[in-house]
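Welcome, and thanks for taking a look. Please open the structure alongside this short report and follow along.

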Amino acid sequence: METKSYVVKMNRTEVLAKNMVNGNSLKDKTVSRIGVHHVQVNGTLYPAKTKSRRQRWEVKPSHMAQNTLNPIRAIVDGMKLTPNPDKPMIALSIGDPTVFGNLPTDETVLQAMKDAIDSHKFNGYAPSVGYLQSRQAVANFYSCPEAPLGPEDVILTSGCSQAIDLAISVLCNPGDNILVPCPGFSLYKTLAVSMGIQVKLYNLLPEKSWEVDLQHLESLIDEKTSCIIVTNPSNPCGSVFTKEHLQKILKVASRHCVPILADEIYCDMVFPGCSSPSVASLSSDVPILACGGLAKRWLVPGWRLGWIMIHDRNDIFGSEIRQGLVKLSQRILGACTIVQGALESILNNTPQSFYSRTISFLKSNSEICFNKLSTVPGLNPIMPSGAMYLMVGIDMEHFPDFKNDVDFTERLVTEQSVFCLPASAFEYPNYFRIVVTVPEKQMVEACDRIREFCLTHYRPRSRDSNDLDQ
């Protein structure tokens, strides 16, 4: 029986570490107080790996977690929101059309879900990009001669938010930058900054119904710009770009060879008299990742079903971007399978009358809000053309009691129990956003309270006072 001795050399000290019998049995083990440098086996020295041991618990959050910040939560959580106990709260701040119960989805949508459940066909895992028949249904619903789609061009996601996440992730590397509208949906920045991507804000012009400042947009593009985000219709503005304006945006993207990420979750939620085609239907060369979902048009945001539609007729994205999206979709295996199972029926069978009723209600409430607030001194509402939001400018010099829009909206809650979201949450100070999905009676009441609040705190400029005296 052969015995091998292993001698450990440590700072000129030799310690018998192991006695191995036939290379198998551990006979004894000696631990040194000095770090191990080499192991001697049959007279030959070999480097030995040192094992480090943590001396104490120290578990820290990742850099991604530390860099993740939702601007809305950062502002709202810091506000002191104490409603007036004598007035019931009216929240005009939440972009969820289901909150008040006055905007239910259509019965055909509910029946499609019931049928999917009762079929027992959709209880297992789906492919990470979604069921083929469900992707085909999305492709059929949105395909047009100017922007044809097949199922291979569609990836189903857990809501439009995940679609945006995947689109940014596949187009951008740390150190790149993306161009984001201002004011704009705060999620873009939340996602990008957590990935080490710089956000550059391009201006929207309130005096032009929130059209893009094209000159400013173009000035921000550099060699590190990986995409332009276009939100149409807009959250938070409720604006809808015309065909001509979208074509101008596409020309900027084309000149600089920058792809577009189109956030179209509110597509087709456009008021009568307005129209806005998808940006992809107007593009001859700019590749586009268009993100959408069921949440808003079908009034089911909690069902978490979204999609990415890949528009790349010139094969600029090629196979790598497509494969990249597939790989990224495998991280969480995508959308709820029950909703996927109902999707074809939802898209094909929801009656046009349901969409029309929703749009008619949103337009009516927007007009009520706009008309009432237009006569309030110190406020400048901007009439929307779609989606479910309205932005209101605050002439802060007429309200010296308040430091900014956050202070203004905080006191509005305290005194009138009306909560509007300060537009600083969208990096656009001295405005606030109103959600117009509340029942009409509450919309009227909220506007009346906002008027009362403003009349209490409004102060004319000194020259205005002189003009009145004359």
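## About the model

This is a predicted model, in which local features need pLDDT of at least 70 and side-chain atom pairs count only at pLDDT 80 or more, while totals for chains, interfaces and linings use all residues. Residues are numbered from 1 along each chain as its sequence is written, and side-chain values use heavy atoms, with hydrogens and water left out.

## Nonpolar cores

A nonpolar core here is a set of buried Ala, Val, Leu, Ile, Met, Phe, Trp, Tyr and Cys residues joined through side-chain atoms within 4.5 Å. Buried means under 20% relative accessible area and exposed over 50%, with partly exposed in between (1.4 Å probe, protein chains only). The largest nonpolar core has 74 residues, and Ile228, Ile260, Trp298 and Trp307 have the most contacts inside it. Helix α10 (residues 337-349) gives this core its largest share, 6 residues. Helices (H or I, at least four residues) and strands (E, at least two) are DSSP runs, numbered from the N terminus.

Leaving aside residues up to four places away in sequence, Ile228 touches several residues, including Leu179, Tyr202, Val258 and Ile260; contact means heavy atoms within 4.5 Å.

## Cysteines

How many disulfides does the structure hold? There are 0 disulfides, a disulfide being a pair of cysteine sulfur atoms within 2.5 Å. For Cys227, the nearest cysteine sulfur belongs to Cys172 and is 4.5 Å away. Cys227 is buried, with a relative accessible area of 0%. For Cys237, the nearest cysteine sulfur is that of Cys182, 8.9 Å away. Cys237 counts as buried because its relative accessibility is 1%.

## Helix α9

The buried residues of α9 are Gly318, Ile321, Gly324, Leu325, Leu328 and Ser329. They lie on the same side of α9, because they cover an arc of only 135 degrees around the axis, taken from the directions from the helix axis to the C-beta atoms. An α-helix has 3.6 residues a turn, so residues three or four places apart point the same way.

These buried residues pack against β7 (154-157), α5 (159-171), β13 (288-293) and β14 (306-311). The face turned away from the buried side of α9 carries the exposed residues Glu320 and Lys327.

## An antiparallel sheet

An open sheet is formed by 4 strands in the order β15-β16-β19-β18, with antiparallel pairing; two strands pair if DSSP finds at least two bridges between them. Its edge strands, β15 (379-382) and β18 (421-422), each pair on one side only. β15 and β16 (residues 389-394) pair over 4 bridges, and Met391 in β16 is the bridge partner of Ile382.
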